[in-house]
Amino acid sequence: MAQPFRSTPPGLIARLDPQERGLLRRLFEDVVTMLEGDHTTSEDPLEQLVGLSGDVEAPQDPALRRLLPEGSTDPERAEEFRRYTDRSLREEKVGALRRAAMAVEHDPVQLEGDGAVDFSRALNDVRLVLATRLHVESSDDARRIEELAASVDVNDVDDPETYMSVVYGFVSWLLNSLVEAMLLDLPGDHIKR
């Protein structure tokens with residue numbers, strides 16, 4: 001059974017059982033596959049060298065659009081923004097997801113500094129994908145998903161929406177515990193306890 005992240009002298013530590021670590025690893029890998037799957041690179045050597053993406057269209061998949069949002073409501077500016085940022089944003093996200101997948105190989109999961117930031121980014125990206133798939137767009141939607149997840153025994157889940165709801169709840173809980181531990185780990189008295 002998962003134990004939340006907590007701040008300790010060697011870093012932020014959470015205990016997850018092998019199934020939970022395996023689930024997280026698969027989720028991280030699935031989002032990596034999404035980010036790499038529909039990406040096209042420019043044929044222009046100069047554009048490749050400086051990291052431009054050439055002509056890049058907004059992703060068709062709503063979950064991927066949530067991970068790679070428009071930079072402007074103006075279509076021309078949005079296209080230019082995507083051209084200059086798509087490749088680097090994908091690479092940053094994939095890097096964080098892969099590092100997070102490596103972190104869950106260990107028991108306990110132990111994070112420090114940039115590792116904690118990467119792990120929180122990876123969890124957030126997974127959470128955004130799940131929220132999109134579950135049509136979570138408001139606090140009412142989030143409550144509906146929370147109630148659905150709480151109404152079932154994890155071992156008796158028999159439909160995809162309920163399963164995703166349970167996973168969404170787990171990822172949200174783990175992300176929340178990590179952010180709280182990161183805040184407590186800040187130097188100085190930034191938080192009133």
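I started with E70, which is partly exposed because its relative accessible area is 42%; buried means under 20%, exposed over 50%, and partly exposed in between (1.4 Å probe, protein chains only). R82 is buried, at 5%. E70 and R82 form a salt bridge, with the closest N and O atoms 3.2 Å apart; the term means a side-chain nitrogen of Lys or Arg within 4 Å of a carboxyl oxygen of Asp or Glu. E70 lies in the loop between α3 and α4, and R82 in helix α4, twelve residues apart. I then saw that salt bridges with shared partners join E70, R82, D86 and R90 into one network.

A note on the source: this is a predicted model, where local features need pLDDT of at least 70 and side-chain atom pairs count only at pLDDT 80 or more, while totals for chains, interfaces and linings use all residues. Residues are numbered from 1 along each chain as its sequence is written, and side-chain values use heavy atoms, with hydrogens and water left out.

How many salt bridges does a search of the whole structure find? I got twelve. One of them joins D107 and R15, with the closest N and O atoms 3.8 Å apart. D107 is in the loop between α4 and β3 and R15 in strand β2, 92 residues apart. Helices (H or I, at least four residues) and strands (E, at least two) are DSSP runs, numbered from the N terminus. I also looked up R98 and E36, which meet in a salt bridge at 2.8 Å, N to O. R98 lies in helix α4 and E36 in helix α1, so this pair ties together parts 62 residues apart in sequence.

Entry 3, aromatic rings. I found three aromatic pairs; ring centres of Phe, Tyr or Trp (its six-membered ring) must lie within 6.5 Å, and planes under 30 degrees apart count as stacked, over 60 as edge-to-face and the rest as tilted. F5 and F119 are edge-to-face, because their centres are 5.7 Å apart and their planes at 70°. F5 is in strand β1 and F119 in helix α5, so the pair ties together parts 114 residues apart in sequence. F28 and F119 are edge-to-face too, with centres 5.7 Å apart and planes at 85°. F5, F28 and F119 form one aromatic cluster.
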